[in-house]
Amino acid sequence: DLCLLGWDSLFENDFAGFREQGLTPARVALEDKHAYWVLTEHGDLPAAVAGKLLHQRASDADLPKVGDWVAVAVRPNENKAVIHAVLPRRTRVARKVAGREIEEQVLAANIDTAFVVQALDLSFSPRRLERFLVMVHEGGAKPVVVLNKTDLCDSLNARLAEARLAAGSAPVVAACASG
């Protein structure tokens with residue numbers, strides 16, 4: 001059931017023209033370079049991007065990313081799919097591509113809530129937390145801050161206060177995954 005994956009009437013409206021072409025909606029679950037796993041009403045399938053989509057993109061940000069809804073042609077005899085289009089994204093988590101380029105690198109799409117996890121050990125950085133929160137806010141998702149490794153923090157209350165200050169209105173949750 002695609003509704004369990006987040007499919008709704010807005011995505012259905014965006015997809016209407018593709019359905020007329022005989023394509024099927026799918027959600028990208030995994031991306032590894034140009035190899036994908038998509039979730040469809042026909043089950044989970046390996047997928048590849050159609051050559052036309054691959055060559056007509058303006059940038060890599062236009063290619064499917066985890067969380068994207070895509071229009072696929074399912075090849076049942078081969079048990080795979082071909083991605084022909086990416087539906088408009090509602091939200092995205094993205095950062096600048098490393099180096100001097102100004103291009104955007106989309107990490108995930110159509111995320112309602114993003115959990116920003118940071119350790120409370122010596123690597124804790126309120127500035128890094130702020131940068132991640134800016135990425136989430138700019139992409140349209142709602143952030144939740146998760147501070148892990150409370151058992152390794154000598155000044156838990158001070159760190160929590162720093163994190164809450166950096167988080168603004170985002171909820172802050174302290175956790176210890178080790179036990």
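**A walk through the predicted fold**

Residues are numbered from 1 along each chain as its sequence is written, and side-chain values use heavy atoms, with hydrogens and water left out.

Staying with the cysteines, Cys153 is buried because its relative accessibility is 13%. Its closest cysteine sulfur belongs to Cys176 and lies 11 Å away, so the two are too far apart for a bond. The structure holds 0 disulfides, a disulfide being a pair of cysteine sulfur atoms within 2.5 Å.

Now step back to the whole chain. The protein chain has 4 helices and 10 strands, taken as DSSP runs numbered from the N terminus (helices H or I, at least four residues; strands E, at least two). Read from the N terminus, the order is α-β-β-β-α-β-β-β-β-β-α-β-α-β. The C-alpha trace spans about 60 × 40 × 30 Å along its principal axes.

How much of the protein chain is buried? Buried residues make up 40% of its 179 residues. Among contacts (heavy atoms within 4.5 Å) with a separation of 6 or more, 57% come from residues 24 or more positions apart.

Terms used:
This is a predicted model: local features need pLDDT of at least 70, side-chain atom pairs count only at pLDDT 80 or more; totals for chains, interfaces and linings use all residues. Buried means under 20% relative accessible area, exposed over 50%, partly exposed in between (1.4 Å probe, protein chains only).
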